[in-house]
Amino acid sequence: MATPVTTMDKPVAAKSGPASDARPPRAPRPPRPNYRQIHQFPLPVNVHHVPPVIPHNPLSLISVALSYLTFLISPPSQEVYSAYFDKATSSIHVTDERSINALWQMGFFGKGSLSRSEPSWLAREKKRRGLHNGKTSEEITRLRRTERRELKLERARMEKLAIEERLKAEAAAREAGVSEPLDQAAQSTSTDDTTNVTAATTEKFSLKKAKEARMLEAKLARELAAQNPALAEQNQPETSSNNKSVRFSPVVQKKEFLSTSPSSLQLPDSAVDNLDSDDFPNEEHLQLSNEEAFFLAYSLGVLQIYDSPSKSGEVQSTSSIATSALLQQFCHHSFQPARDASASLLPDDPFMISYTVYHHFRSLGWVIRSGVKFGTDYLLYNRGPVFSHAEFAVVIIPSYTHPYWSETEERKNYTAEKQARSWWWMHSVSRVQAQVLKSLVVCYVDVPPPAASLDDIGALFGQYKVREFLIKRWIPNRTRD
């Protein structure tokens, strides 16, 4: 897609005159990681691929038989990862670096304990100490946002200049008092409109033009400073960069600290020489939510969870927690503070309801992340957060449609309190999702009556049903049918 754009820009630049020859060359963008190769597996499981059977080709049966024979002789080994349960944070922590990379790259499970999403603390720390020359994911995101902001500012500036030129032309025409015939005026108006449309079409707002405009402004500012230093000193606040600065007390009011200064972030050369990037310890853990951990442990069987880590920080080699005991522990810790271990489990436990929705969408192929920053329960990604933004935001509401919950008046009052939501709450949530360009999905989870036993987890979750409703905010000025 980049080749046609480059060939189309060449004739436009040739028409602009000799000023186009003075444009500085565009700096090449740093290469992006190959996310298709890094995140090629949707889940951390090893599968054995079976070739398709072609009815009109009998040789395909031989390939299928060979595939099954290979599976029987050397079946694919499934790697099982280890983690421990932290009662203080009611979450699961993965400390092994290999397990951290595997769980993040294959399914985007968890988040870095020292990062916003992707566990990238080690790369950022090496960058801060001068041991890493590449750009971290946070720096790439920050640069992309800066470029987008520059593009918007340049677009607004060009629109403002176009309006000012149009007003100057209209004012000059009124002062000149030139009276033309109606046909000539209409012809000139149509010619001007055609010229404006052509100019608007050829003048494509791009990041390249925004950078060139900023470099041109900086060049003019330097020439102005060389000609008149006093005037340049007055205009310095307007042409200065957008770096954030910190103002100290009035005693040192003239001193400022630039947050982007590299001297404050790097160690001396003598200290850097003594450091080895291979021996640098990684102090970040992969923090899994209870729903993610139970899905990995119960549904996929690729995670073993232990009670606590050892003194060295590694997971203990004792027996892992059983799945039924893990379910009870997660249900008790779904409340704040955690409930007593002897308390009976309720069918509308927050963990039971949230995991039902999590398992439902994970089974459909969605990548699920926490939606707390948008005021929802979950965010649904088509492929993952590194490929695109979340398309849907999910809100979970328990539903008590089973006759068991309407047998007594006490149960009716209990269910009415549990599923009560105000109109203002729904309005605020839908408004936020419309602002961030996400579709709001309301999931009603039908809660079954209390179960007698928790031994059969599959039969227990099979009683829950999920009903999805897509809600769209009605905007009067956009829907005037």
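A charge is taken to sit over an aromatic ring if NZ of Lys or CZ of Arg is within 6 Å of the ring centre and within 35 degrees of the ring normal. In this predicted model, Arg-362 meets that description, lying over the face of Phe-109 at 4.2 Å from the ring centre. This report begins with Phe-109 and its surroundings and then turns to other parts of the chain.

## Overall composition

The chain has 481 residues, of which 26% count as buried. Its secondary structure consists of 17 helices and twelve strands. Among contacts between residues at least 6 apart in sequence, 62% join residues at least 24 apart.

## Aromatic pairs and charges over rings

There are 20 aromatic pairs in the structure. One of them is formed by Phe-109 and Phe-295, whose rings are stacked, with 6.4 Å from centre to centre and 20 degrees between the planes. This pair links distant parts of the chain, since Phe-109 belongs to the loop between α4 (97-105) and β3 (111-112) and Phe-295 to helix α12 (residues 290-300), 186 residues apart. Phe-109 counts as buried because its relative accessibility is 0%. Phe-295 is likewise counted as buried, at 4% relative accessibility.

A further pair joins Tyr-444 and Phe-469: their ring centres are 5.7 Å apart and their planes stand at 80 degrees, so the arrangement is edge-to-face. The cut-off behind that label is an angle over 60 degrees between the planes. Tyr-444 is part of strand β11 (residues 439-446) and Phe-469 of strand β12 (residues 465-471), so the pair ties together parts 25 residues apart in sequence. Tyr-444 counts as partly exposed because its relative accessibility is 28%. Phe-469 also counts as partly exposed, at 40% relative accessibility.

| Residue | Relative accessibility | Class |
|---|---|---|
| Phe-109 | 0% | buried |
| Phe-295 | 4% | buried |
| Tyr-444 | 28% | partly exposed |
| Phe-469 | 40% | partly exposed |

Ring pairs also connect a cluster made up of Phe-85, Phe-294, Tyr-298, Phe-330, Phe-351, Tyr-355, Phe-461 and Tyr-464. Elsewhere, Arg-411 lies over the face of Tyr-404, at 3.8 Å from the ring centre.

## The contact of α12 with α14

Two packed helices are described by the angle between their axes and the distance between the axes. The axes of α12 and helix α14 (residues 350-363) come within 10 Å and cross at roughly 60 degrees. The crossing of α12 past α14 is right-handed. On the α12 side, the contact is made by Asn-290, Glu-291, Glu-292, Phe-294, Phe-295, Tyr-298 and Ser-299, and on the α14 side by Phe-351, Ser-354, Tyr-355, Tyr-358, His-359 and Arg-362. By class, the residues of this contact are six nonpolar, four polar and three charged.

In α13, Leu-326, Leu-327, Gln-329, Phe-330, Cys-331 and His-332 are buried. The buried residues of this helix pack against β1, β2, α12, β7 (303-306), α14 and α17 (457-462).

Thr-415 is located in helix α15 (residues 409-418). Thr-415 counts as buried because its relative accessible area is 7%. Leaving aside residues up to four places away in sequence, Thr-415 touches Tyr-400 and Trp-405.

## Backbone features

Most residues other than glycine have a negative phi, and most peptide bonds are trans. The bond from Gln-336 to Pro-337 is cis, with omega near 0 degrees. Pro-337 is placed in the loop between α13 (323-332) and α14.

Ser-90 is not a glycine, yet it has a positive phi of about 55 degrees. Ser-90 occurs in the loop between β1 (81-86) and β2 (91-94), and it counts as buried because its relative accessibility is 17%. Leu-437, also not a glycine, has a positive phi of about 60 degrees. Leu-437 occurs in the loop between α16 (423-435) and β11, and it is exposed, with a relative accessible area of 74%.

Notes:
Residues numbered from 1 in each chain as written. Predicted model: local features only at pLDDT ≥ 70, side-chain atom pairs only at ≥ 80, totals over all residues. Heavy atoms only, no water. Phe/Tyr/Trp six-rings, centres within 6.5 Å; stacked < 30°, edge-to-face > 60°. Helix = DSSP H or I, 4+ residues; strand = E, 2+ residues; numbered from the N terminus. Buried < 20%, exposed > 50% of the residue type's maximum accessible area, 1.4 Å probe, protein only. Axes fitted to C-alpha atoms, helices over the stretch in contact; angles between N-to-C directions. Left-handed = near helix turned anticlockwise from the far one by under 90°. Contact = heavy atoms within 4.5 Å. Nonpolar A, V, L, I, M, F, W, Y, C, P; charged D, E, K, R; others polar.
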